[in-house]
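Student: I have a new structure to look at. Can we go through it together?
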Amino acid sequence: MMDLIEQMLRGLRDLFFPRKCVVCGRFLGLDEEDVCAACLEGLPMTYQWDIVQNAAFERLARRFEVQDAASLLFFGTESNYRHILYGIKYGNRRRLALRMGELLGTKLSESRAFKGCQIVAPVPLHPLRRWKRGYNQAELIARGVAKVMGLPVETKLLQRKRNTKTQTKLQGAAKTKNVQGAFAVDTRRAADLQQQGIRHLLLIDDTLTTGSTLAACAAPLLAAGFRISCTTLAFAGS
């Protein structure tokens with residue numbers, strides 16, 4: 001009975017407030033959320049979690065000592081799938097961020113490479129930017145990943161001490177310079193975690209492009225004695 005009532009309510013919702021797939025724009029069915037079934041089936045997966053020393057790992061390993069790395073989806077500015085990332089980052093699609101994080105967490109759970117991760121740590125936003133946006137998309141993705149992997153989410157260890165420009169419009173060396181020294185570790189929290197035997201963290205961001213942001217986060221974490229694996233929702237490049 002409750003299922004029937006719920007379906008009726010969903011039908012009324014879609015009648016007055018029609019929902020569209022964030023990728024292709026077609027109207028969603030009653031059992032679909034954010035992305036239609038066809039677009040979910042066609043997600044441009046990287047399968048990096050199954051590949052030793054994959055493209056994400058190699059990109060980051062040139063910058064810092066990373067244990068393992070993988071992204072979920074290929075990201076292209078000409079692909080309609082870019083709207084998943086844009087919707088999560090700028091469109092307040094928090095539920096979609098959690099769902100995609102859960103999908104990423106499922107893939108990582110199937111990989112032997114990420115079995116040693118003990119906590120999940122999202123790349124932090126500066127408090128002013130978080131206040132303006134209302135949420136940190138990396139944290140929402142991280143919470144989805146952590147839910148599936150059965151790991152705690154750590155948001156106090158790594159802090160953003162400088163409100164940098166957005167990386168989106170910068171290129172190459174400018175990206176590196178923009179975030180250099182922007183992050184710091186809370187030494188008291190680091191000591192607490194290490195006393196609990198926690199030294200291997202899974203660092204999470206929304207997109208891996210040049211790796212500048214993850215490298216800037218890794219620098220103080222490595223200096224504090226942590227080992228780092230990395231994952232992102234999107235990977236820029238082929």
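Tutor: We will start with the chain as a whole and then turn to its aromatic pairs. Bear in mind that this is a predicted model.

Student: How many helices and strands are in the protein chain?
Tutor: The protein chain has 10 helices and six strands.

Student: What share of the residues count as buried?
Tutor: Of its 238 residues, 48% count as buried. The accessible surface of the protein chain is about 12,300 Å², and carbon and sulfur atoms account for 54% of that.

Student: Now the aromatic pairs. What is the count?
Tutor: The count is three aromatic pairs. One of them is Phe74 with Phe235, an edge-to-face pair with 6.2 Å centre to centre and 75° between the planes.

Student: Where do Phe74 and Phe235 sit in the chain?
Tutor: Phe74 is in strand E1 (residues 69–75) and Phe235 is in strand E6 (residues 227–236). They are 161 residues apart, so the pair links distant parts of the chain.

Student: Phe235, buried or exposed?
Tutor: Phe235 is buried, because its relative accessibility is 0%. Phe74 is at 30%, so Phe74 counts as partly exposed.

Student: And how are the rings of Phe75 and Tyr86 arranged?
Tutor: Their centres are 6.1 Å apart and their planes are at 75°, so this pair is edge-to-face. Phe75 belongs to strand E1 and Tyr86 to helix H4 (residues 82–90), 11 residues apart.

Student: Why is Phe75 buried?
Tutor: Its relative accessible area is 18%, and buried means under 20%. Tyr86 has 31%, so Tyr86 is partly exposed.

Key
Residues numbered from 1 in each chain as written. Predicted model: local features only at pLDDT ≥ 70, side-chain atom pairs only at ≥ 80, totals over all residues. Heavy atoms only, no water. Phe/Tyr/Trp six-rings, centres within 6.5 Å; stacked < 30°, edge-to-face > 60°. Helix = DSSP H or I, 4+ residues; strand = E, 2+ residues; numbered from the N terminus. Buried < 20%, exposed > 50% of the residue type's maximum accessible area, 1.4 Å probe, protein only. Areas by Shrake-Rupley, 256 points an atom, 1.4 Å probe, with all protein chains shown as cover.
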